[in-house]
Amino acid sequence: MVAALVAATVAAGLVGVPATPAPAAPAQGAIRITEWMYDGTGGEFVELTNVGTAPVDMDGWTFDDDSRSPAAGFDLSGFGVVAAGESVVFADATPAAFRTTWSLGDDVDVLGPYTNNLGRADEINIFDGADAL
């Protein structure tokens with residue numbers, strides 16, 4: 001009787017084999033443009049945010065507004081490693097002036113001044129350390 005009950009329970013799927021947990025996905029960093037200003041009273045700026053789950057080393061990264069050439073771009077290496085969830089800003093002002101204008105603390109990583117001059121017909125091209133757009 002017990003054997004028949006166990007067999008019926010297993011057959012009905014009421015007793016499961018312990019599942020092997022799926023391996024965790026590797027952590028990945030993902031830099032995204034999260035804000036930009038091309039013609040404002042606070043000056044031009046671009047905010048980048050690591051929306052991924054791992055830090056991103058921005059050594060060798062560049063920004064260019066219209067030539068689509070990483071060699072012609074503004075060097076973003078000064079950001080160093082950007083933690084998951086962290087935002088960084090590059091601006092046409094000095095870091096100190098930009099922080100003052102926007103009431104930001106020293107904990108916000110700001111690079112500048114860049115002279116690429118964003119305009120209405122420009123692009124925001126971010127190249128990684130391998131020069132991939």
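How much accessible surface does the protein have, and what share of that surface belongs to carbon and sulfur atoms? The accessible surface comes to about 8,100 Å², and 57% of this belongs to carbon and sulfur atoms. The model is a predicted one. It describes a protein of 133 residues, of which buried residues make up 30%.

**Overall layout**

- The protein contains two helices and nine strands.
- Along the sequence, these elements follow the pattern α-β-β-β-β-β-β-β-α-β-β.
- Among contacts in the protein with a separation of 6 or more, 58% are between residues 24 or more positions apart.

**The four-stranded sheet**

- An open sheet is formed by four strands in the order β1-β2-β7-β8, with mixed pairing.
- Strands β1 (31-37) and β8 (109-111) stand at the edges; each has a single partner strand, so one side of each lacks a neighbour in the sheet.
- From one strand to the next, the twist averages 25 degrees.
- Strand β7 (residues 87-91) pairs with β8 in the parallel sense, over three bridges.
- The bridge partner of F90 in β8 is L111.

**The nonpolar cores**

- In soluble globular proteins, nonpolar side chains tend to be buried together.
- The largest nonpolar core here has 17 residues, and those that touch the most other members are L48, M58, F63, L76, F79 and F90.
- Strands β2 (45-50) and β7 each supply at least two residues of this core.
- A second, separate core has six residues, including F45, V89, F98 and V110.
- Beyond its neighbours within four places in sequence, L76 is in contact with L48, M58, W61, T62, F63, F90, L111 and I126.

**T49, a residue in β2**

- T49 lies in strand β2.
- Is T49 buried or exposed? With a relative accessible area of 10%, T49 falls under the 20% cut-off, so T49 counts as buried.
- The side chains of T49 and S87 are joined by a polar contact of 2.6 Å.
- Not counting residues up to four places away in sequence, T49 touches A30, I31, R32, T34, G85, E86 and S87.

Conventions
Residues are numbered from 1 along each chain as its sequence is written. This is a predicted model: local features need pLDDT of at least 70, side-chain atom pairs count only at pLDDT 80 or more; totals for chains, interfaces and linings use all residues. Side-chain values use heavy atoms; hydrogens and water are left out. Two strands pair if DSSP finds at least two bridges between them. Axes are lines fitted to C-alpha atoms, for helices over the stretch in contact, and angles run from 0 to 180 degrees between N-to-C directions. A nonpolar core is a set of buried Ala, Val, Leu, Ile, Met, Phe, Trp, Tyr and Cys residues joined through side-chain atoms within 4.5 Å. Buried means under 20% relative accessible area, exposed over 50%, partly exposed in between (1.4 Å probe, protein chains only). Contact means heavy atoms within 4.5 Å. Accessible areas come from the Shrake-Rupley method with a 1.4 Å probe; for residues, only the protein chains shown count as cover. A polar contact is a pair of N or O atoms within 3.5 Å; within protein, one must be able to donate a hydrogen and the other to accept it, and residues adjacent in sequence count only if both atoms are side-chain atoms.
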